[in-house]
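Q: Can you walk me through this one? I have the sequence and the coordinates open.

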Amino acid sequence: MKVTSAASTLPQQKGRCNNMDELIRLQLQKTACRVRMGIIEGVYNAKSGHPGGSLSIADLLTYLYSVMTVDPKNPDMPERDRLVLSKGHTAPALYSVLAERGFFPKEELKSLRHIGALLQGHPCIHIPGVDMSSGSLGQGISAACGMALAGKTFYSERFLVAFEREIHKNSDK
């Protein structure tokens, strides 16, 4: 399992990305821009949500989904890479990336948080491409560890997105 901190995911930049082809970098930037537009469209149409947190994670999720082994036509394939978004209130970012990858139509983003809609305020496992329902801070770490242990027989990676505040939750008690 790869545990990824939002602060340390991408390589340090000195003018341009280390060893990353310029065209790939530009494509990732364009994709991340479309992801941000999807986030804004979804939260705007929902009239509620967490746009700041979602926008702050757009680049990270765009990059991860560019290197993860996933198949929108077969979202439950056992050998897929998995991502646990423990910080569930940033679901609009995850949904926008999944729509960009083709897991469901981008039009679904407009129905974010609407009663009976596919996309709700936190990730739900019934949504194509979502590997774990989340919401309560701190639960993702243990779930991702369990997935990694259970998945040892498969040749795939596990990605966990956790944030400093979440990791230290209740550590002051």
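Q: Which residues of α1 meet which residues of α3?
A: This is a predicted model, and in it Leu28, Thr31, Ala32, Val35, Arg36 and Ile39 of α1 touch Ala58, Asp59, Thr62, Tyr63 and Ser66 of α3.

Q: What is that contact made of, by class?
A: The contact of α1 with α3 has 6 nonpolar, 3 polar and 2 charged residues.

Q: What about the spacing on the helix?
A: An α-helix has 3.6 residues a turn, so residues three or four places apart point the same way. The α1 positions in this contact include Leu28, Thr31, Ala32 and Val35.

Q: At what angle do α1 and α3 pack, and how far apart are their axes?
A: The angle is about 125 degrees, and the axes are 9 Å apart. Here α1 covers residues 22-46 and α3 covers residues 58-67.

Q: What do you call that arrangement of α1 and α3?
A: The two helices, α1 and α3, are therefore oblique to each other.

Q: Left-handed or right-handed crossing?
A: The crossing of α1 and α3 is right-handed.

Q: Change of topic: α4. How many of its residues are buried?
A: Helix α4 spans residues 91-101 and is mostly covered, with 9 of its 11 residues buried.

Q: Which ones are they?
A: The buried residues of α4 are Ala91, Pro92, Ala93, Leu94, Tyr95, Ser96, Val97, Leu98 and Ala99.

Q: And what do the buried residues of α4 pack against?
A: Their partners are α1, α2 (51-56), α3 and β2 (82-85).

Q: What follows α4?
A: Gly102 does, and its phi is positive, near 95 degrees.

Q: Which residues other than glycine have a positive phi?
A: Lys47 is one of them, with phi near 65 degrees. Arg113 is another, and its phi is also near 65 degrees.

Q: Where is Lys47, and is it buried or exposed?
A: Lys47 sits in the loop between α1 and α2. Its relative accessibility is 64%, so Lys47 counts as exposed.

Q: Where does Arg113 sit?
A: Arg113 lies in the loop between α4 and α5 (139-150). Arg113 is partly exposed, because its relative accessible area is 30%.

Q: Back to β2. Where is Asp81?
A: Asp81 is in the loop between α3 and β2.

Q: Buried or exposed?
A: Asp81 is buried, because its relative accessible area is 5%, and buried means under 20%.

Q: How far is Asp81 from Tyr65?
A: Their C-alpha atoms are separated by 9.4 Å, and Asp81 and Tyr65 are 16 residues apart along the chain.

Q: How many disulfides are there?
A: The count comes to 0 disulfides.

Q: How accessible are Cys33 and Cys124?
A: Cys33 has 39% relative accessibility, so Cys33 counts as partly exposed. Cys124 is partly exposed as well, with a relative accessible area of 22%.

Q: Last bit, the overall picture. How many helices and strands does the protein chain have?
A: The protein chain has 6 helices and 3 strands. Along the sequence they follow the pattern β-α-α-α-β-α-α-β-α.

Q: What share of the protein chain is buried?
A: Of its 173 residues, 42% count as buried.

Q: And what share of the contacts joins residues at least 24 apart?
A: It is 67%, among contacts between residues at least 6 apart in sequence.

Notes. Residues are numbered from 1 along each chain as its sequence is written. This is a predicted model: local features need pLDDT of at least 70, side-chain atom pairs count only at pLDDT 80 or more; totals for chains, interfaces and linings use all residues. Side-chain values use heavy atoms; hydrogens and water are left out. Axes are lines fitted to C-alpha atoms, for helices over the stretch in contact, and angles run from 0 to 180 degrees between N-to-C directions. Helices (H or I, at least four residues) and strands (E, at least two) are DSSP runs, numbered from the N terminus. Angles under 35 degrees count as roughly parallel, over 145 as roughly antiparallel, 65 to 115 as roughly perpendicular and the rest as oblique. A crossing is left-handed if the near helix is turned anticlockwise from the far one by less than a right angle, and right-handed if clockwise. Contact means heavy atoms within 4.5 Å. Ala, Val, Leu, Ile, Met, Phe, Trp, Tyr, Cys and Pro count as nonpolar, Asp, Glu, Lys and Arg as charged, and the others, Gly among them, as polar. A disulfide is a pair of cysteine sulfur atoms within 2.5 Å. Buried means under 20% relative accessible area, exposed over 50%, partly exposed in between (1.4 Å probe, protein chains only).
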